[in-house]
Amino acid sequence: MAAPHSKHVYRDINALRGGKPELGDLALNDFHLVFRFPPESQAAADPSAAKKPKQVWFAFHVISQCTLKITPPSSGIPSSIRIQFRDFTYVSFNFSDSYEAKDAFDFIRTRTCKLGSIEKLLAFTYRPPPVEHKINGWDIYDPRAEFRRQGISDKSADLGWRISSINKDYEFSPTYPALLVVPSKISDNTLKYAGSFRSMKRIPTLTYLHPVNNCTITRSSQPLVGLRGNRSIQDERLVGACFSAATDSLGNPVAPAADTNPSSSHVDLSAESADRDLSLSETERMEDEMISGHPFFDEKTGKRLIYGAQQNNLIVDARPAINSYAMQAVGKGSENMDYYRFARKIFLNIDNIHVMRDSLDKVISAIKDADVSPFPPNQDLLAKSKWLKHISGILDGSSIIARQVGIQHSHALIHCSDGWDRTSQLCALSQLMLDPYYRTMEGFIVLVEKDWLSFGHMFGLRSAHLNHESWFTVDSDALAGSTVKPGESDGRVDALENAFASARRFFNKKESSAEAEAGAAVDEAKPAPKEACEGYATRLRDVSPVFHQFLDATYQLLRQHPTRFEFNERFLRRLLYHVYSCQYGTFLCNNERQRHEAKLRERTFSVWAYFLSRRQEFTNDQYDATIDDHTKGRERLLFPRVDEVRWWHQVFNRTDDEMNGTINASVTQAERVAAYQASSGLSDPSLSRSDSPNSQGHSPQPPSLPQHKSVLVGVESPHAALTPEARSTPPFQRSSSTGEVPSTLTALQDKISALSIAQNVQNVFGGRGGVPKNQNETLAGNRLGSLSGSRRSAENGADRELQSMGPASNGASLSSQD
């Protein structure tokens, strides 16, 4: 990138990174902070000893926290600016002149969080080098070409699916793509009626058709069931058609298209062959048995009881079950399986965006001193973040879907709340496990374009491209020893003015401290630009590392299967950086419609040209493109080993030993103990398990390594029993019609006081045989006393999810939490 004209240059600045100081010059332009070292003063003093200058660029838009620390000259301590970047780079700049430090801080803050419009981002002025002009990254993804690759087009044989133009002008569902693939037997008129039953009109639509067995992955938002148990015949017909589109009128499967992906294998993986070639853990076997409703393996012999694929069409609700029930209080919820008798529903217990944001914040707290300290991260804080647990849960849920589609020959409909966060994670990762094409560089680009950008993941809000003023703080340590946020006035302004007259205007800004704590994106007293009011301004409650988690989960698959991916780890790391850099237009805005209206294709460049023009840098040297289902390690399908999830240490700019040393040491110890026990003839299997409470002679599993538990927490079917034989029903399996767990209405009544929505739903409960408030509280107390610890934790999450929603808005606001 050519160096633009610098607006401000500060000489002889000490930069600290990893506790190592470096003297140089700091230059600021409209979009970047550029640190050049050694400084010009050294070259002028001794030209013969001068080194060739180097420079490091930092993009303003990647800043996640910027703190100014001003100190009086008498203290002998230099004033400093400490900056945390969202690519987990941490650097501190020390200024001998406090006025210069304040001037630089004000300039960075103005160019970062006071833009007010996406048109002032770097992407609209950036001009890439000539090598990128040879590739038009905007043309890499063509939805018609991708679905034609899957076997669906107007000219190919009818596989039960058609391309609908119902959303060609984005009027039907503004957050959905213009091109939708829906069952051939469902008319656009039926789609319109079905749309009124789904949040944001995000109806069930196809994202993936398996080339071997024609099974599908469809996606949608949550249904608008509400407290009254609403239903939609059109939605039930649409979901039913999605699960039967690939069969003829007699129920026979339609033959795969002739032009299926040439890189795909066409060997049919039955459950038997899958068990032989793809070893399943005990947890995975339990998950499959829970979904099927009967055991696959004899508990005594361990032999398979059922051979061949056992189709169990699934509706996958990514949320904890109690959260979905709580959403009914605001007119939403989850499917009543009495009306969807052709499928079973599972809950995956994946937490919402608030939990994920808090988790990453704890990780940042563990590594935030990387600028001034050379020491490794705080392992206790890393463990408390539960980040690896969340990554494991997302991978586990995606693996369940991939096994059901690829091995059990089943269909899956996936949704969470609005269908653009957890849904995108599960859809994309399950396809990555199913289809080798998506493990190529171009295929992965298509996957991101299709399931993230096209289907409306809100990159603008989740990534906070317009930043936020609360991320810029002044630490007046020498005067009061506490942090002062912009706009706060607590009696120390006069002292600051006496020390620095130029700081007065900085502290004169009026902003309510309560509003700042609530994460308000703009000051309501000031009229924001029209564009910022239409969904672009940063709202702190909407920021969350959802796409980061997807890339982290992809890294886990790449690390565990290093020969199966064409791209390397650096490709994923640079992709995460450019999500935040705003250097390209690819990830700007929140959905396809907004990008179309902003004319990003015409006015900005695509990030994919950056990667494809540098293919050699991002290619995996170990990649083996051969697909052979009869050769171990070359199968079409791949699955994660969830108990081997590790920290993506490169993305946190740390070594493997710093992030994973404790975990690796514990695993090595456990392996040695297991080997010793095997050689000693110890037959008790419990002794060889690292997580066994009876195990002795080795260190316990470290807290940062999650003890894997299934993300599957509930299976719901319309029937009390699917087989005639008597069997015990596991505690988290329920029947919608028999009510083996409390009904939705009862559960909501029990939680009414805790959810603080009594006034909103009192009339509805009264019409359905509700109870007075005092009786209701008594019932809630009795029932809550019998809940397990995990159920209580889930209910706390449901409370938070509801409270974050605010007043019900019929799903019309982009602030809905996924």
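## Charges over aromatic rings

In this predicted model, Arg149 lies over the face of Tyr438 at 5.2 Å from the ring centre, and the charged end of Arg231 sits over the ring of Tyr339, 3.9 Å from its centre. A charge sits over a ring here if NZ of Lys or CZ of Arg is within 6 Å of the ring centre and within 35 degrees of the ring normal.

Residues are numbered from 1 along each chain as its sequence is written. The model being predicted, local features need pLDDT of at least 70 and side-chain atom pairs count only at pLDDT 80 or more, while totals for chains, interfaces and linings use all residues, and side-chain values use heavy atoms, with hydrogens and water left out.

## Aromatic pairs

A search of the whole structure finds 37 aromatic pairs, where rings of Phe, Tyr and Trp (its six-membered ring) pair if their centres lie within 6.5 Å, and planes under 30 degrees apart count as stacked, over 60 as edge-to-face and the rest as tilted. The rings of Tyr325 and Phe347 have centres 6.1 Å apart and planes at 70 degrees, so this pair is edge-to-face. Because Tyr325 lies in helix α9 (residues 321–326) and Phe347 in strand β13 (residues 344–347), the pair ties together parts that are 22 residues apart in sequence; helices (H or I, at least four residues) and strands (E, at least two) are DSSP runs, numbered from the N terminus.

Both Tyr325 and Phe347 are buried, a term that means under 20% relative accessible area, with exposed over 50% and partly exposed in between (1.4 Å probe, protein chains only). The rings of Phe567 and Phe571, by contrast, have their centres 5.1 Å apart and their planes at 35 degrees, so that pair is tilted. Phe567 counts as buried at 0% relative accessibility, and Phe571 is buried with a relative accessible area of 0%.

## Nonpolar cores

A nonpolar core is a set of buried Ala, Val, Leu, Ile, Met, Phe, Trp, Tyr and Cys residues joined through side-chain atoms within 4.5 Å. The largest has 127 residues, of which Ile83, Phe93, Phe444 and Phe550 touch the most other members, and helix α12 (residues 387–406) gives the most to this core, with nine residues. Apart from it lies another core of 32 residues, including Ile152, Leu180, Leu238 and Leu413.

Leaving out residues up to four places away in sequence, the contacts of Phe444 (heavy atoms within 4.5 Å) include Tyr438, Phe550, Phe567 and Phe571.

Leu557 is found in helix α19 (residues 546–560) and is buried, with a relative accessible area of 0%. Its contacts beyond four places in sequence include Leu395, Leu432, Met433, Phe565 and Phe639. The C-alpha atoms of Leu557 and Met433 are separated by 8.6 Å, although these residues are 124 residues apart along the chain.

Thr218 lies in strand β11 (residues 216–219) and is likewise buried, with a relative accessible area of 0%. Not counting residues up to four places away in sequence, Thr218 touches Trp161, Thr205, Leu206, Thr207, Cys242, Ala412, Leu413 and Ile414.

The structure holds eleven cavities of 30 Å³ or more, and about 60 Å³ of space lies in the largest cavity. On a 1 Å grid over the protein atoms alone, a cavity is a set of points where a 1.4 Å probe fits but cannot get out, and lining residues have an atom within 4 Å of a point; grid points are joined across faces, edges and corners, and a volume is the space filled by probe spheres set on the points.

Among the residues that line the largest cavity are His457, Arg462, Ser544, His548, Leu576 and Tyr580. Helices α15 (459–462), α19 and α20 (569–581) each supply at least two residues of this lining.

Notes:
1 Å grid on protein atoms, 1.4 Å probe; cavity = no way out; pocket = protein on both sides within 12 Å on 5 of 7 lines; lining within 4 Å.
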